[in-house]
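Got your viewer open and a selection tool ready? Let's walk through this one stop at a time.

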Amino acid sequence: MNRLVVVSNRVAPIRDSKAAAGGLAVGVYEALREAGGFWFGWNGEVTKKPEISYETLGNITYITMGLCKRDYDQYYRGFSNATLWPIFHYRIDLARYCREDYEGYRRVNAMLAEKLKPLLRPDDIIWVHDYHLIPFADACRQLGVDNRIGFFLHIPFPAPEILTAIPAHRDLLKTFSAYDLIGFQTETDRLAFQDYMTREAHGQVKPDGSLFAYGQKFRTGVYPIGVMPDEIRRMAESYRGRRPLIGRTTDGKLRKTIISVDRLDYSKGLLERFLAYEEFLDLFPEHRRNVEYVQIAPTSRSDVKTYQAIRKQLETEAGHLNGRLADLDWTPLHYLNKSLDRRTLMGLFRSANVGFVVPLRDGMNLVAKEYVASQDPADPGVLVLSRFAGAVHELTSALIVNPYDCVGMAEALDRALRMPLAERKERYEQQMQAIRAADLSAWRDNFLRDLGAFADQPSALREGRAVAS
């Protein structure tokens, strides 16, 4: 049986009870937990002498290493998060490009490929994840690695007009052709990539759907990442009897609750939803004292100035909202800058009447799916979902909103809190059908099945894959 080798930027051994909700980490962990294999990447540490370490938990071996300060600054803080992240989330205004950072980004990808090569077996399948590692396959091909290599982009892929704002876009995008298969969250993302390859790289779409560009033939596909709904439901049910203190009045009655869980990031639209919630309380004052909003936002990239500014903005707005509207026995907004374990989060989701998932731009957003999967089928809550989250293509029966429309979001919150039980159940059942049809196992199996199809290719088609200029 082929061994699965997962490569991602950040790798940390995950214990079930402590796994964070949403995102790449949970998706990759669940895929590896069922398939077995090893997970290779950066351990999150900045050190003078990076060394490889090994840890095995169950059938997953974590192989990690640190980065030196220069690599961290150029590869991670620089090109990955100061250039790629804002551009891929349509925030050209926040992007910063530095030629030295791009050179560091390519250098670290090459270094990681060199470290991985001695660990590989000829029949290993390599699955590379996300924007930090776009040139990784090209670096492997230059070292003579002939394994099947697939890439999955967890974040959105921007339209060519946005992408070309990166001065090095031609050099960067050329390296994509070193992969055998490139996966995206949505058809919109895949078409944007194809559009770039045909317009900017003068590539061709072949009759079989494959792409030919830079002298290479490769495939693209849509693989929406999912969740494990039955496991989420079990975790949510196990929290029964430990209802959170939020939502309780002084006489012990329960208020209705709205919940959001996001990393502290400008792409999540946190300030916009704070303003929408305040607008909701102003437009529909009958909800005052009867509803509370819980925003859990663990700090992200706290050493980057842009994120420090976001945190200050949110703290200011939360203080303003609570200062203006709160009373001795009612706090309208609970804003927490901390992580909670998954079981607690699923319990919070189950007890919340509204899941408020309204990013400005998101590749998928697993929180939307986790919120739905955690609900009590007999009395489900309502999902309010941004039209710019990848999950909107599957969860079409959510209340879909424009996160740039403050009043529209306020009206959706009012509608969600007033929605009759029969309508809530119908919407929930439709969403659960979509979640079960594209769960985490389907995401993994479909991608690896398509990547595995390259096993029958003549080896000549996979030779000379190095494409860097």
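Let's start with a pair: are Arg255 and Glu292 buried or exposed? Select them and look: both Arg255 and Glu292 are buried, where buried means under 20% relative accessible area, exposed over 50%, and partly exposed in between, using a 1.4 Å probe and protein chains only.

A quick note before moving on: this is a predicted model, in which local features need pLDDT of at least 70 and side-chain atom pairs count only at pLDDT 80 or more, while totals for chains, interfaces and linings use all residues. Residues are numbered from 1 along each chain as its sequence is written, and side-chain values use heavy atoms, with hydrogens and water left out.

**Stop 1: salt bridges**

Stay on Arg255 and Glu292. Their side chains meet in a salt bridge at 3.1 Å, N to O (a salt bridge being a side-chain nitrogen of Lys or Arg within 4 Å of a carboxyl oxygen of Asp or Glu). Arg255 is in the loop between α8 and β11 (256–261), and Glu292 is in strand β12 (residues 291–296), so this pair ties together parts that are 37 residues apart in sequence. Helices here (H or I, at least four residues) and strands (E, at least two) are DSSP runs, numbered from the N terminus.

How many salt bridges are there by this rule? The count comes to 38. For another, select Arg436 and Asp230, whose closest N and O atoms are 3.0 Å apart. Arg436 belongs to helix α14 (residues 421–437) and Asp230 to helix α8 (residues 229–238), so the pair ties together parts that are 206 residues apart in sequence. Arg436 counts as partly exposed at 40% relative accessibility, and Asp230 counts as partly exposed at 38%.

Next, pick Asp445 and Arg444, a salt bridge with its closest N and O atoms 2.8 Å apart. Asp445 is partly exposed at 39% relative accessibility, whereas Arg444, at 9%, counts as buried. Then select Arg233, Glu237, Arg350 and Asp376 together: they are linked in a network of salt bridges.

**Stop 2: aromatic rings**

Now show the rings. A search of the whole structure turns up 32 aromatic pairs. Rings of Phe, Tyr and Trp (its six-membered ring) pair if their centres lie within 6.5 Å; planes under 30 degrees apart count as stacked, over 60 as edge-to-face and the rest as tilted.

Why is the pair of Phe157 and Phe193 edge-to-face? Their ring centres are 5.4 Å apart and their planes are at 80°, so the pair gets that label. Phe157 is in the loop between β6 (148–152) and α5 (160–163), and Phe193 is in helix α7 (residues 187–199), 36 residues apart. Phe157 is buried, with a relative accessible area of 1%, and Phe193 counts as buried at 0%.

Over to Phe349 and Tyr371, an edge-to-face pair with 6.1 Å centre to centre and 75° between the planes. Phe349 is in helix α11 (residues 342–351) and Tyr371 in helix α12 (residues 366–373), so the pair ties together parts that are 22 residues apart in sequence.

The charged end of Arg361 sits over the ring of Tyr90, 3.9 Å from its centre (the rule: NZ of Lys or CZ of Arg within 6 Å of the ring centre and within 35 degrees of the ring normal). Likewise, the charged end of Lys206 sits over the ring of Phe212, 5.3 Å from its centre.

**Stop 3: a cavity**

Last, look for the largest cavity, with a volume of about 70 Å³. On a 1 Å grid over the protein atoms alone, a cavity is a set of points where a 1.4 Å probe fits but cannot get out, and lining residues have an atom within 4 Å of a point. Grid points are joined across faces, edges and corners, and a volume is the space filled by probe spheres set on the points.

How values were computed
On a 1 Å grid over the protein atoms alone, a cavity is a set of points where a 1.4 Å probe fits but cannot get out, and a pocket is an open set with protein on both sides within 12 Å along at least five of seven lines; lining residues have an atom within 4 Å of a point.
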